[in-house]
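Welcome! Please take a moment to look over the sequence and the 3D view before reading on.

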Amino acid sequence: KKNDLDGASVAYRQATYLKEPEAKAALNQIDSSRVQPLLKEAELASKQNNWVMAAANLKDAVTLAPHLVIVHRKLAEALKQLGDAKESQRETKRADELEKAN
């Protein structure tokens with residue numbers, strides 16, 4: 001209600017650790033909102049074939065929301081475009097693990 005997405009993320013993350021019902025879904029929703037500007041910047045950069053900028057934005061998104069599969073998948077693609085196959089595979093593996101956990 002206060003438009004404090006960072007504070008809400010912390011609160012929902014704590015509730016998730018305490019196994020509160022619906023906390024995980026709320027955390028995903030809040031963190032999706034938090035990373036939207038970064039995902040948009042990354043998308044724009046990728047359309048311009050600026051994979052360095054896209055990867056930088058996506059790494060920031062991973063830092064904000066490390067449990068969101070989509071940011072790991074997009075980062076894996078950007079790293080692949082940059083020729084960093086090892087890191088790309090690591091991000092793909094992380095995304096796969098997160099999908100299995102959900």
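The report below starts with the whole chain and then visits some of its residues.

## About the model

This is a predicted model, in which local features need pLDDT of at least 70 and side-chain atom pairs count only at pLDDT 80 or more, while totals for chains, interfaces and linings use all residues. Residues are numbered from 1 along each chain as its sequence is written, and side-chain values use heavy atoms, with hydrogens and water left out.

## The overall picture

The protein has five helices and zero strands, and its elements follow the order α-α-α-α-α from the N terminus. Here helices (H or I, at least four residues) and strands (E, at least two) are DSSP runs, numbered from the N terminus. The C-alpha trace spans about 40 × 30 × 15 Å along its principal axes.

Among the 102 residues, 33% count as buried. Buried means under 20% relative accessible area, exposed over 50%, and partly exposed in between, with a 1.4 Å probe and protein chains only. Contacts are heavy atoms within 4.5 Å; of those in the protein with a separation of 6 or more, 44% join residues 24 or more positions apart.

## Surface and charge

The protein exposes about 6900 Å², and carbon and sulfur atoms supply 52% of that area. Accessible areas come from the Shrake-Rupley method with a 1.4 Å probe; for residues, only the protein chains shown count as cover.

There are 17 positive and 15 negative side chains, and the centres of the two sets lie 2 Å apart. Lys and Arg count as positive and Asp and Glu as negative, leaving out His and the chain ends. Each charge is placed at NZ of Lys, CZ of Arg, CG of Asp or CD of Glu.

## The nonpolar core

In soluble globular proteins, nonpolar side chains tend to be buried together. A nonpolar core is a set of buried Ala, Val, Leu, Ile, Met, Phe, Trp, Tyr and Cys residues joined through side-chain atoms within 4.5 Å. The largest one here has 17 residues, of which V35, L58, V71 and L75 touch the most other members. Helices α2, α3 (51-64) and α4 (69-81) each supply at least two residues of this core, and α3 gives the most, with six residues.

Leaving aside neighbours within four places in sequence, L58 is in contact with L39, A42, K74, L75 and A78.

## Residues in helix α2

D31 lies in helix α2 and is buried, with a relative accessible area of 0%. Beyond four places in sequence, D31 has contacts with S9, R13, L64, A65, H67 and L68. The side chains of D31 and H67 are joined by a polar contact of 3.3 Å. A polar contact is a pair of N or O atoms within 3.5 Å; within protein, one must be able to donate a hydrogen and the other to accept it, and residues adjacent in sequence count only if both atoms are side-chain atoms.

S46 is also found in helix α2 (residues 23-47), and S46 is buried at 15% relative accessible area. A polar atom of its side chain lies 2.8 Å from the backbone oxygen of E43. Not counting residues up to four places away in sequence, S46 touches W51 and A54.

## Residues in helix α3

N57 has its place in helix α3 and counts as buried at 9% relative accessibility. Apart from residues up to four places away in sequence, N57 touches L38, E41 and A42.

T63 is found in helix α3 as well. Is T63 buried or exposed? T63 is exposed, because its relative accessible area is 64%. T63 and L44 are 19 residues apart in sequence, and their C-alpha atoms are 20 Å apart in space.
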